[in-house]
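User: Hi! I'm new to reading protein structures. Could you walk me through this one, feature by feature?

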Amino acid sequence: MKLIISPTSPYSRKCRIIIREKGLDVAEVETVPFDDESLLHDVNPLGKVPALIDGENALYDSPVICEYLDALDEPWLPKGKAAWRQKTLHALGDGMIDAVLTFRMERIRPQEQWWDFWAMRQENATVRALQHLETITDELGEPWEFGNLAIACALGYVDFRAADMQWRDHMPKLAKWFEAFEKLDSWAKTAPPE
Ligand SMILES: N[C@@H](CCC(=O)N[C@@H](CS)C(=O)NCC(=O)O)C(=O)O
């Protein structure tokens with residue numbers, strides 16, 4: 001199996017953590033999605049990372065890949081009704097990543113092209129998600145589970161791309177919960193390059 005990734009991609013990071021935590025035999029192939037690389041486009045016509053190749057099969061996007069990789073070993077994703085909660089938490093983490101990515105893209109355009117309404121909407125969504133997580137921290141599990149995998153990667157992405165939000169100052173319970181992830185080997189080994 002081959003996983004096409006970018007080392008700065010938080011969506012890729014989720015899959016890379018599962019690979020390490022479960023000791024899966026998956027080779028990682030680095031790419032730069034904004035360069036038109038035929039390798040990536042052949043696997044995922046949307047041109048996004050991560051993308052997984054398993055024999056004849058191509059899989060994307062990251063929640064699908066995470067579920068696929070998770071099922072190769074004792075699954076983190078529970079069966080029955082509890083699965084919906086975990087998938088929803090995973091979607092919350094992914095949604096935060098989407099929002100941070102979007103408002104960051106707005107900020108790196110030439111200033112005369114900034115769309116402040118859109119950037120602010122995404123930033124507000126991120127803040128609301130952080131506030132919500134602070135209220136449910138006690139319900140979140142220990143490292144690792146299917147939902148908190150995405151939430152941890154989202155928090156890591158806020159630190160990487162929007163450190164000026166200083167979310168730890170406002171969400172002390174969540175910050176404490178996150179410390180357990182920051183100590184893990186799989187977390188350190190998947191950190192975006194400086
Ligand atoms: N929903 C997708 C999002 C993937 C995504 O947007 N990846 C970014 C890198 S962080 C990318 O490849 N962007 C290239 C592009 O949008 O053209 C997933 O969860 O896999």
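Analyst: Happy to! Let's start with domains. This is a predicted model, and its protein chain is divided into domain 1 (2-70) and domain 2 (82-188). The centres of the two domains, taken over C-alpha atoms, are separated by 21 Å.

User: How many residues of domain 1 are in contact with domain 2?

Analyst: Ten residues of domain 1 are in contact with twelve residues of domain 2. On the domain 1 side, α1 and α3 each supply at least two residues, and α1 gives the most, with seven. By class, that side of domain 1 has five nonpolar, no polar and five charged residues.

User: Now the inside. What should I know about nonpolar side chains?

Analyst: In soluble globular proteins, nonpolar side chains tend to be buried together. Here, the largest nonpolar core has 44 residues, and Leu149 and Ala154 touch the most other members. Several elements each supply at least two core residues, including β1 (2-5), α1 (10-22), α4 (82-108) and α6 (146-161). The largest share, ten residues, comes from α6. Domain 1 and domain 2 each provide at least three residues of this core.

User: Which residues is Ala154 in contact with, leaving aside its neighbours within four places in sequence?

Analyst: Ala154 is then in contact with Pro10, Gly93, Met96 and Ile97.

User: And what surrounds the ligand?

Analyst: For a ligand, look at the residues around it and then sort them by class. Among those surrounding this ligand are Ser6, Ser9, Tyr11, Lys48, Asp61 and Asp94. The shell has five nonpolar, four polar and three charged residues.

Note on methods
Residues are numbered from 1 along each chain as its sequence is written. This is a predicted model: local features need pLDDT of at least 70, side-chain atom pairs count only at pLDDT 80 or more; totals for chains, interfaces and linings use all residues. A residue is near a molecule or strand if its C-beta atom, placed from the backbone, lies within 6 Å of it. Ala, Val, Leu, Ile, Met, Phe, Trp, Tyr, Cys and Pro count as nonpolar, Asp, Glu, Lys and Arg as charged, and the others, Gly among them, as polar. A nonpolar core is a set of buried Ala, Val, Leu, Ile, Met, Phe, Trp, Tyr and Cys residues joined through C-beta atoms within 7 Å. A residue is buried if 20 or more other C-beta atoms lie within 10 Å of its own, exposed if 12 or fewer, and partly exposed in between; C-beta atoms are placed from the backbone. Helices (H or I, at least four residues) and strands (E, at least two) are DSSP runs, numbered from the N terminus. Domain bounds come from an automatic or database domain assignment. Two residues are in contact if their C-beta atoms, placed from the backbone, lie within 7 Å.
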